[in-house]
Amino acid sequence: SQHPTIAAIGELLVEFVSHSKNCGLRRIGDYSGPYPSGAPAIFLDQVARMGGKTEMIGGVGKDGFGDTVIARLTADGVGTGGVTRAGAHSTGVAFVSYYETGARDFIFHLNNTAADQFHVPDTLLDLANTHLHISAASLGNHALRHMIMTTMRQVDTQGGWISCDPNARPELMRDTAVREALEEVMQRSRYLLPSTSDLGFLFPDLSEEAAIDRLLSAKPEVIALKRGAKGATVVGFGERHDFAAHTVPEIDPTGAGDCFGGTFIALVTQGASLRIAGEKANAAGALAVTKRGPMEGNSNPDDIDTFLRDQGRGDFT
Ligand code: ATP
Ligand code: MG
């Protein structure tokens with residue numbers, strides 16, 4: 001049968017990255033950008049680079065920032081038929097700056113920009129053959145949350161599939177509407193792609209093992225757990241695979257989680273085993289942190305296979 005179309009709804013934006021550490025976005029400094037960004041876009045760009053059929057639903061303005069986002073998605077093969085170009089609103093923008101500790105500060109300009117002022121097209125998706133990926137950070141925005149939840153319920157009801165990166169930041173979890181939306185998304189998801197920190201926020205009283213068991217006792221069949229510079233673990237269908245991190249120079253870790261997720265979901269959707277999908281996602285995540293800019297470190301299958309061979313893991317390619 002035909003592989004499902006992988007779709008995402010959420011924020012499209014451009015990001016500017018500070019070159020100096022510890023500036024906290026307060027001091028004058030050098031930035032580079034505009035880098036195409038937005039978690040759902042980073043994810044889908046990587047799915048497309050892995051050969052998946054994709055549809056992005058979101059909005060950008062009729063401005064240079066919007067042009068650069070559309071140009072990148074189009075060049076990488078992401079479907080942009082669901083991207084609204086709003087004349088009345090500017091493209092969303094984010095700024096990021098790192099500290100020596102690895103912590104980072106973000107400033108997002110999303111509310112009432114083109115990033116949250118768009119319409120979901122009625123007929124773009126064949127719902128029964130759609131895999132909808134939800135980056136739960138988007139649920140913190142009221143307009144995005146409404147569009148995501150409506151579409152997710154349609155996809156689920158019509159027999160499509162859902163995956164979710166919980167991104168359970170504490171400030172989001174304090175908002176009851178956001179927390180309830182996240183719980184519904186997780187209950188409808190087949191694949192969950194949490195970070196270790198998400199498990200701590202979702203289940204503060206449970207060990208990692210117990211948290212994974214709790215998630216798998218409901219609908220989700222596969223948990224891909226992201227451990228940053230400590231690698232990843234994939235659990236599901238009675239299997240468990242632990243992947244040690246690759247040693248790479250970390251230039252800019254933002255986007256690694258979405259790149260990992262895009263690689264993983266593209267491959268399992270194409271029928272890859274959990275072991276192969278996890279190994280390649282772990283490699284793609286490592287490659288992602290070596291480039292400045294949130295989706296500049298995304299990679300093609302050949303890049304991943306070459307990297308794995310260089311790392312002595314040619315048996316996975
Ligand atoms: P984000 O910070 O964008 O929210 P995340 O927390 O969802 O990302 P991470 O765990 O930071 O995701 O990264 C995803 C995957 O990328 C990791 O599971 C690992 O496979 C790989 N990865 C991330 N950072 C590194 C690193 N410094 N060295 C090697 N691999 C890494
Ligand atoms: Mg991280």
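This is a predicted model: local features need pLDDT of at least 70, side-chain atom pairs count only at pLDDT 80 or more; totals for chains, interfaces and linings use all residues.
A salt bridge is taken here as a side-chain nitrogen of Lys or Arg within 4 Å of a carboxyl oxygen of Asp or Glu.

Begin by selecting R153, D156, E184, R188 and K219. These residues are linked to one another in a network of salt bridges.

Next, select R49 together with D303. Their side chains form a salt bridge in which the closest N and O atoms are 3.9 Å apart. R49 belongs to helix α1 (residues 39-49) and D303 to helix α10 (residues 301-310), so this pair ties together parts that are 254 residues apart in sequence. D303 has a relative accessibility of 35% and therefore counts as partly exposed, the category between under 20% (buried) and over 50% (exposed).

Proceed to E296 and R72, whose side chains meet in a salt bridge with an N to O distance of 3.1 Å. Because E296 lies in the loop between α9 (274-288) and α10, while R72 lies in helix α2 (residues 64-75), the pair ties together parts that are 224 residues apart in sequence. E296 is partly exposed, with a relative accessible area of 23%. R72 also counts as partly exposed, at 23% relative accessibility.

Finally, select R240 and D242. A salt bridge is present here as well, with the closest N and O atoms 3.0 Å apart. R240 counts as partly exposed, its relative accessibility being 40%.

Notes: Residues are numbered from 1 along each chain as its sequence is written. Chains are lettered from A and ligands numbered from 1 in the order in which they are written. Side-chain values use heavy atoms; hydrogens and water are left out. Helices (H or I, at least four residues) and strands (E, at least two) are DSSP runs, numbered from the N terminus. Buried means under 20% relative accessible area, exposed over 50%, partly exposed in between (1.4 Å probe, protein chains only).
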